[in-house]
Amino acid sequence: MAMTLAEKIVAHAAGREHVAAGEIVTCAVDLAMIHDSGGPRRVAPILKRFGVGLWDPSKVVLISDHYVPAGDDETRRIGEVTQQFAAENKLAGFYDSEGICHVVLPERGHLKPGMFVVGGDSHSPTGGAFGAYMFGIGATEMAGVLATGEIWLTVPETIEIEWRSRFGPCVVAKDVMLFLCGQLGMEGGRTQAVHFRGEAIRGLPMQERMTLSNMTAELGGQTGLCDPDETTASFIRAAGAEPGDIARWQSDADATPAERHRFDASALTPQVAAPHSPANAAPVADHGAVKIDVAHIGACTGAKLVDLRMAASVLKGRKVDPGVSLLVAPASRRDQEAAANEGTLQVLVDAGATLLPNACGMCAGYNGTLQENVTCISSIARNFKGRMGTASANIYLGSPYTVAASAVRGRISDPRELLS
Amino acid sequence: MSIYGRAFVYGDGINTDMLAPGIYMKHPIATIATHCLESVDKDFAGTVKPGDVVIAGQGFGIGSSREQAAEALKHLGVAAVLARSYGGIFYRNALNFGLPVLVCSEVDQIGAGDLVSVDAATGAVHNKSRGMMLHATPLPQFLLDMISDGGLVPHLEKRFAAERAAAGV
């Protein structure tokens, strides 16, 4: 019987020949990713209550990214608890202040097609870009996984989203996801498996596919899959790992998704989401000349090497408007080093950018916050009221191209006007 | 399980930043809970009583995986949530904390302050203030078992204790 990629991975994890959408199965977890906020400080006391250790430390990766660098006694204590947990368990990986978990995990070769992976963070669908079924769970559920190595799952339906043709200049994965949030709403994914397909998606580099999968969280999908291909395999090999059997982890040609949406990539334009929801997305021109105080390029979804390059292509030879603070928090230390080596970082700094640590930082309002009443445009994933720590702030969302163009102009701007 | 209390009624899109604002996340749940829903109803945390029920529209709990969003409601004594739909991670988190979250398409038949009883096993919802019987989608038995154990942690504690007993440890 024909199966979608999501069904194939779930069936394999459940030890079954076949699964059908809607049935509840118990799956064996191939990898669990935890971070310093929802990780050790919350799971360790629960494991103690259970009286058991980790089911398999070689299948657990721990990444400190939310409370780094420590800003006060409480965050320092969280850092110590996290480091102690890593010291006590022989984990598959522990990365402290190396960058944001969703970027660091594949960068260090922990993901490959066909894996069934849980992450203790809502942007865990990012792993779907590699053809892995990866999704987010809370800390208590994570403690259950760490103790047992398994988790129940309602077998997802597949929602196929096809982008034919090719994207135009300055139109990138962030625009795709803001557009989809606007079209389908934040519950369009119905906690099912979203599957991105089509010529335009095949043409995207891995870090752009990661942005699609990442923001499947905002679209309400449980995971966001991309078809594994040679682009996937090359990325994994460059990360020092083996991609495994790419051909095995493909949807059957005659598998039928529950829903299918088709869009023309060449017709998409740069998108901006107005406060206080990614679903308030519209073409950049529809937002008028909103004046901005802060332009922010950061987060797992918006400050990877490809994102920094987008911003630099706009900012090269230009200066940020004197009324705007441009803040850039590269998503990982490695991406920052690569950006420094190729000159991208210098372009950003020369334009007037202030560099922030390789961490979640302002995106979750955990570490550093916006000032009261400011208007900000950011490349992060969600702009809920209070998201960046200040309820009075107005946060707009856009691609790194659009954020950079807005920083130069001092108001929300279409990057194509600067790069044409 | 018997659930009976006053209704606190909210609209669509109650997200995790409203339920557990990020700026308080480094604090214990008792602190986070005092800020629960403050950006939509500053009186909620101060007036909600054990047994009360939260009623909402589409997408209750969308956003972050932070389970403090569910834990804060549980900490304040909320006995159940009825909503048209839920954020996927929040939904699992709430069940894991032993908080019954039921899908109900008839939430517009419940007003703020109405006295409501809910049977999570049958999905029967009784709006006693209006004398109306409503229906919610009941929870499957294995989730009811987990909730009646008090959530995932006590449920697994029981399982590990049974495994140890069976192994004669």
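Predicted model: local features only at pLDDT ≥ 70, side-chain atom pairs only at ≥ 80, totals over all residues.

Reply: A:Val306 is found in helix H10 of chain A. Leaving aside residues up to four places away in sequence, A:Val306 touches A:Pro205, A:Gln207 and A:Glu208. A:Asp286 is 20 residues from A:Val306 in sequence, and the two C-alpha atoms are 26 Å apart in space.

The loop that comes between strand S14 (294-297) and H10 of chain A holds A:Ala299. Phi of A:Ala299 is positive, near 85°, although the residue is not glycine. Most residues other than glycine have a negative phi, and most peptide bonds are trans. A:Ala299 is classed as buried because 27 C-beta neighbours fall inside 10 Å.

H10 (305-315) is also one of the elements against which the buried residues of helix H11 of chain A pack, together with helix H4 (101-107) and helix H12 (344-351) of chain A. H11 of chain A covers residues 333-342, and in it A:Asp335, A:Gln336 and A:Ala339 are buried. Viewed down the axis of H11(A), the buried residues fall within an arc of 100°, so they line one face of the helix. After H11(A) comes A:Gly343, with a positive phi near 95°.

Two sheets of chain A can be described next. One is an open sheet of four strands in the order S10-S9-S8-S11 (chain A), with parallel pairing. Its edges are strand S10 (223-226) and strand S11 (259-264) of chain A; each has a single partner strand, so one side of each is left without a neighbour in the sheet. From one strand to the next, the twist averages 20°. Within this sheet, strand S9 (residues 193-197) of chain A pairs with S10(A) in the parallel sense over four bridges, and A:Phe196 stands opposite A:Cys226 in S10(A). Helix H1 (residues 5-13) of chain A lies across strand S8 (158-164), S9 and S10 of chain A, and runs at about 130° to S9(A).

The loop between S8 and helix H6 (173-184) of chain A contains A:Cys170. A:Cys170 is another residue other than glycine with a positive phi, here near 65°. With 24 other C-beta atoms within 10 Å, A:Cys170 is buried.

The other sheet is open and has five strands in the order S4-S3-S2-S5-S6 (chain A), again with parallel pairing. Strand S4 (93-96) and strand S6 (133-136) of chain A stand at its edges, each with a single partner strand, so one side of each lacks a neighbour in the sheet. On average, neighbouring strands of this sheet are turned by 15° against each other, direction ignored. Strand S2 (residues 31-35) and strand S3 (residues 60-64) of chain A pair in the parallel sense over four bridges; A:Met33 has A:Val61 in S3(A) as its bridge partner. Helix H3 (residues 73-88) of chain A lies across S3 and S4 of chain A, at about 155° to S3(A).

Between S3 and H3 of chain A runs the loop in which A:Pro69 is found. A:Val68 and A:Pro69 are joined by a cis peptide bond, with omega about -10°. A cis peptide bond also joins A:Pro275 and A:His276, with omega about -5°. A:His276 lies in the loop between strand S12 (271-273) and strand S13 (281-283) of chain A.

As for the whole chain, chain A has 14 helices and 18 strands. Its radius of gyration is 20 Å, close to the 22 Å that the globule rule gives for 420 residues, so chain A is as compact as a globular protein of that length. The C-alpha trace of chain A spans about 60 × 55 × 40 Å along its principal axes. Of the 420 residues in chain A, 60% are buried. Among contacts in chain A between residues at least 6 apart in sequence, 77% join residues at least 24 apart.

Finally, chain A meets chain B in a contact that takes 37 residues from chain A and 28 residues from chain B. On the side of chain B that touches chain A, helix H5 (88-96) and helix H7 (152-166) of chain B each supply at least two residues. By class, that side of chain B has 10 nonpolar, 12 polar and six charged residues.

Conventions
Residues numbered from 1 in each chain as written. Chains lettered and ligands numbered in written order. Rg over C-alpha atoms; globule rule 2.2 N^0.38 Å. Buried ≥ 20, exposed ≤ 12 C-beta atoms within 10 Å, placed from the backbone. Contact = placed C-beta atoms within 7 Å. Arc of directions from axis to C-beta. Nonpolar A, V, L, I, M, F, W, Y, C, P; charged D, E, K, R; others polar. Pairing = 2+ DSSP bridges. Axes fitted to C-alpha atoms, helices over the stretch in contact; angles between N-to-C directions.
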